[in-house]
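Here's a quick briefing to read alongside the model. Have the sequence and the 3D view open as you go.

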Amino acid sequence: EVEVHLVNEGRDRVFDEEDEDLSDYVQEGLERSGISVHNQAKLEYARVHPDKGTVECRLVHTVYMPPHEDDPAQRPAIRRVSKTVHVEKLVVCAGRVPNTGSL
């Protein structure tokens, strides 16, 4: 069985520049296909384990926790939530740059 994790660093949703309904539809399709989508996550580290043939990846999510409605004096909190996954392959896509210089 193959697991696929999409780490969508710094973004609230996939295709966040497109219509929200379209973005939700694409993400739901990815998840129905078995792809775990991690929005607003960051790859904290990747450690290769050659003896096991795997890469250990630590994903960190920053979660905003608003004050409880019963205590208006309470300050909002920001909490880091981490998850470690072990994968066989790690593919990093580091952004996009238009290739229009020769047009």
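A salt bridge here is a side-chain nitrogen of Lys or Arg within 4 Å of a carboxyl oxygen of Asp or Glu. By that rule the count comes to four salt bridges, and one of them joins the side chains of Arg11 and Asp16, at 2.8 Å from N to O.

Before going further, note that this is a predicted model: local features need pLDDT of at least 70, side-chain atom pairs count only at pLDDT 80 or more, and totals for chains, interfaces and linings use all residues. Residues are numbered from 1 along each chain as its sequence is written, and side-chain values use heavy atoms, with hydrogens and water left out.

**Salt bridges**

- Arg11 is partly exposed at 26% relative accessible area, where buried means under 20%, exposed over 50% and partly exposed in between (1.4 Å probe, protein chains only).
- Asp16, the partner of Arg11, is partly exposed too, at 27%.
- Arg11 and Asp16 also belong to a salt-bridge network that takes in Glu17.
- Glu44 pairs with Arg80, and their closest N and O atoms are 2.7 Å apart.
- That pair ties together distant parts of the chain, with Glu44 in strand β3 and Arg80 in strand β5, 36 residues apart; strands (E, at least two residues) and helices (H or I, at least four) are DSSP runs, numbered from the N terminus.
- Glu44 is partly exposed at 37%, while Arg80 is exposed at 58%.
- Arg47 and Glu56 meet through their side chains in a salt bridge of 3.7 Å, N to O.
- On the accessibility side, Arg47 is partly exposed at 43%, whereas Glu56 is buried at 12%.

**The sheet**

- Three strands make an open sheet, ordered β3-β4-β5, with antiparallel pairing; two strands count as paired if DSSP finds at least two bridges between them.
- β3 and β5 (77-87) sit at the edges with a single partner strand each, so one side of each has no neighbour in the sheet.
- On average, neighbouring strands of this sheet are turned by 20 degrees against each other, direction ignored; the axes are lines fitted to C-alpha atoms, for helices over the stretch in contact, and angles run from 0 to 180 degrees between N-to-C directions.
- β3 pairs with β4 (residues 54-65) in the antiparallel sense over eight bridges.
- Which residue of β4 is the bridge partner of Tyr45? Arg58 is.

**Core and cysteines**

- The largest nonpolar core holds five residues: Val55, Cys57, Leu59, Val85 and Val87. Such a core is a set of buried Ala, Val, Leu, Ile, Met, Phe, Trp, Tyr and Cys residues joined through side-chain atoms within 4.5 Å.
- β4 and β5 are the elements that give two or more residues to this core, and β4 gives the most, with three.
- Val55 has contacts (heavy atoms within 4.5 Å) that include Ala46, Val48, Val85, Val87 and Leu90, leaving aside residues up to four places away in sequence.
- Cys57, a member of that core, is buried at 3%.
- Cys93 is exposed, at 72%.

**Backbone and loops**

- Most residues other than glycine have a negative phi. Phe15 has a positive phi of about 50 degrees although it is not a glycine.
- Phe15 lies in the loop between β1 and α1 (20-32) and is exposed at 52%.
- Gln40, also not a glycine, has a positive phi of about 55 degrees.
- Gln40 falls in the loop between β2 (35-39) and β3 (41-49) and is partly exposed at 33%.
- Gln40 is among the residues touched by Asn8, along with Arg13, Val14, His38, Asn39 and Ala41, again not counting residues up to four places away in sequence.
- Is Asn8 buried or exposed? Asn8, in strand β1 (residues 4-8), is buried at 12%.
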